[in-house]
Amino acid sequence: MTRTAIRICLLLLAILAAALLPAQDIQHERTAVNIEIPVRVFKGEAFVDDLTIADFEVLEDGRPQSLEAVYLVRKTVIERREETAPFAPDTDRHFYLFFEMTEYDPRIRKALGFFVDEVLLPGDELTIVTPMKTYRMKSEAFSDAGRARVFEQILGILRRDILIGSTEYRDVVDDLKSLALTMTGAVGLSATNTQSPMAGDMFAAGSVFDVSTSVEEQLQTYSVLLGRLEAMRQVDHIQVKALADRLRGQSGRKEIFLFYQREFIPKLDPMVLTAYQSVYNDRPDIVQTVTGLFEFFRRETPLDVETVRRAYADSGAAVHFLFLTRPAPKVPGVAMEEQSEDIFAPFREMSRATGGTMASTSNLEAAMRSAVAAAENYYLLYYTPQAYRADGKFHALEVRLKDRGYRLSHRMGYIAD
């Protein structure tokens, strides 16, 4: 498989090859095991910073627990602490920026400019994952004198890797569009008969596919191209879980920012497929192929949501999901349908399970600022579970506020192993 053929899998796995500290086996040698819960509390969009240990309630699997400490943290500084037993929170920061993009978007510049100029501090670690590879930036690069250079370096890496790393993806999409143009004409439909309002302009440009190609070859080529595109977009949930396990072994605060660009998959206009069935109704082989394409478009992608949620809740990371919206392109003979849910769903569940933020927006800078504000301000809650057993089971967590109507976000649980 080429890099681009497993683009999504590489994106989610690339961090495993980064120069991270080796994962450490967690040994439960004591009966008392301390559970840490980062909690973010908001009134509207504003972080609430005046809560005390008496304000919080923690439930594990529905059973109340006794809080032993609460710390208010801003960036890397513990501003306030309340404890009946001393703890030593690790507030070192590890940032991960994942870019799941097939085209470079200029809106990235302002969002990254804010992140490099106003967020990164000396001592922070930054890992960037592109469609090509993983990069780890050294903390000393974030000195004031080096920030502008670091920013331009990151931006240059992104432009290059998105352009090169997604070449095959874009090529397949372009081939599907062009083949649809040929197939539309082959059944006697003009471009203006299809659903695309811009059809006439592109139809006049012609297609790279030979119009003398047989119907069987056209349909077969279209089916193969569609299969190739789908293969590039597969999410391997086993590998996704492996990434969560690796993150779990790293200490400190782990803040993951997932940038995912809205995708549109070129599908033959339903009018074209219906016309093929009508014109070639005496050709069972062609009718069968067309029927298969209809079924392909209708199928649902299987997703083991619960596995993803539990693995990332247990990872100790906070996932902030930034979904970049954009308008659908206009293509003749093709229904450009959004095909983001199958990738969107696991990213969304990672965010929900870890207490991170999620935004679907065209204003990437504003979404980035909101996500960073949540990442930099939080409470750390500690308690010792009653009758803890290292049984490998998942234990659900719920944090409540006494007599308050604020909005909370926190990880949904942990695995006792």
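## Helix H8

In this predicted model, helix H8 covers residues 270-279, and its buried residues include Val272, Leu273, Ala275 and Tyr276. Viewed down the axis of H8, the buried residues fall within an arc of 160°, so they line one face of the helix. An α-helix has 3.6 residues a turn, so residues three or four places apart point the same way.

## The chain as a whole

The protein chain has 12 helices and 18 strands. It contains 417 residues, of which 51% count as buried. The accessible surface of the chain comes to about 18900 Å², and carbon and sulfur atoms account for 51% of that surface.

Contacts between residues at least 6 apart in sequence were also examined: 81% of them join residues at least 24 apart.

## Aromatic pairs

A search of the whole structure finds 16 aromatic pairs.

Tyr260 lies in strand S10 (residues 253-261) and Phe321 in strand S12 (residues 317-324), so the pair ties together parts that are 61 residues apart in sequence. Tyr260 is buried, with a relative accessible area of 0%; Phe321 counts as buried at 0% relative accessibility.

## A ring cluster

Tyr260 and Phe321 also belong to a cluster, in which ring pairs link them with Phe323, Phe344 and Phe347.

Note on methods
Residues are numbered from 1 along each chain as its sequence is written. This is a predicted model: local features need pLDDT of at least 70, side-chain atom pairs count only at pLDDT 80 or more; totals for chains, interfaces and linings use all residues. Side-chain values use heavy atoms; hydrogens and water are left out. Helices (H or I, at least four residues) and strands (E, at least two) are DSSP runs, numbered from the N terminus. Buried means under 20% relative accessible area, exposed over 50%, partly exposed in between (1.4 Å probe, protein chains only). Contact means heavy atoms within 4.5 Å. Accessible areas come from the Shrake-Rupley method with a 1.4 Å probe; for residues, only the protein chains shown count as cover. The arc is that of the directions from the helix axis to the C-beta atoms. Rings of Phe, Tyr and Trp (its six-membered ring) pair if their centres lie within 6.5 Å; planes under 30 degrees apart count as stacked, over 60 as edge-to-face and the rest as tilted.
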